[in-house]
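Subject: Structure handover

Hi,

Here is the structure I promised you. Please open it and keep it beside this email.

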Amino acid sequence: MKINPDRFLRDLHKLREFGASGIGKGVIRPAYSEADIAARRWLAGRMADAGLQVHFDPVGNLFGLVEGPSILLGSHVDSQPEGGWLDGALGVIAGLEVARAAKEAGGPPVSVVSFQDEEGRFGVTTGSGVWSGQIDLHAADALTDDTGVTFREARGQMADLAGGVIDPDQFTGYIELHIEQGPSLDGSNDQIGVVSDIVGIRDMRITFSGRQNHAGTTPMHLRADAFQALSLFNARINDRFADVVTPHTVWTIGHVALSPNAASIVPGRAAFSMQWRDGDQDRLNRMEQIIRCTASEVAGLTGASVQFGALHGLEPQTMEPTLREALEAGAEAVSPGRWRILPSGALHDATNVARLMPVAMLFVPSIDGISHAFDEDTRESDLVAGLKVLAHAVTRM
């Protein structure tokens, strides 16, 4: 099998043109957007040119298939509302190049996938979640984006392409190449990261309800200010986590909605997202208990009430040893002494696919650790190194 780095890079840069932001190499290609659907149609054409059988499933997951049992490579091509050009796209185009090179060489058998809505316009890794059975299609159809568009309405835009569900039993395993999206590899001058495990995630909406009132005439000691409740919760949660978390544990309040959100009104309601990630399931559960207890305590202190929304999440996943060993051998062959084993703090489609088959992942560096931003980037020499490790592992297996 002889890979073609120039062909790989040309395809990767061509994909960047779909939804190009005009700022650096950034892209705006949310799931089911015009740019996303155009990118998938182009990618389907590239798969067909490579001699792969093209298939879109009911939610828009795009497969390039070979006959018989095969290893599955891929990731996703949808982006964040303000996204980078490599997030997900790298794994898909690298998978395509390995599959194409394998086809040209007469083997080994390699198939490719580009999952839909990994970036969460409607949920958490929705496309691979439906395929893996993590979420029922009927339940997924009821999900809405921030503007009220349902998942069913969005996937209806690809109805002319949709076919049946692909049987996962034809695949012997799944490998996903991705940018690290963090600073570890770039900071240590390593070229390759072989992933040990993917963290679990928990997501919950919390709402403090106080008393909306006049901001000029309501004395401070008589207020039930919902934003002050949120502020106090945010200040206390770090201390409450101190004896439970590790240096790899993270938590984020990423979205806040105040009501009525006016300068001269004491906020009557503060609804916010609370997300936390860790590689240990017991720690994730313990953090949930601390969050609930701290929020209830703060509500009592501020005269507010608290409501907890539904808890969503995915469990931590350990990478399959045989696939991981193949990646480690590839890393040592391609980048001797410049690779390391590390966990993934970001979620990936591999988390869902692990319900169906053995999975493994490898990373290449993100310059300055930047991702989910227009200035996300990776040196082309590192991109090619990742491609070579992937091809080496596939050949070894």
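First, how to read it. This is a predicted model, where local features need pLDDT of at least 70, side-chain atom pairs count only at pLDDT 80 or more, and totals for chains, interfaces and linings use all residues. Residues are numbered from 1 along each chain as its sequence is written, and side-chain values use heavy atoms, without hydrogens and water.

Now the whole protein. It has twelve helices and 16 strands. These are DSSP runs numbered from the N terminus: helices are H or I with at least four residues, strands are E with at least two. The C-alpha atoms fill a box of roughly 80 × 50 × 40 Å along the principal axes.

How much of the protein is buried? Of its 397 residues, 52% count as buried (under 20% relative accessible area, with a 1.4 Å probe and protein chains only). Look at contacts next, meaning heavy atoms within 4.5 Å. Among those between residues at least 6 apart in sequence, 78% join residues at least 24 apart.

Then zoom in on strand E7, residues 200–209. Seven of its ten residues are buried. Which strands does E7 pair with? (Pairing takes at least two DSSP bridges between two strands.) Ten bridges join E7 to E12, residues 269–278. Eight join E7 to E13, residues 305–314. Both E12 and E13 run antiparallel to E7. Find Arg205: its bridge partner in E12 is Ser273. Then find Phe208, whose partner in E13 is Val306.

Best wishes

How values were computed:
Buried < 20%, exposed > 50% of the residue type's maximum accessible area, 1.4 Å probe, protein only.
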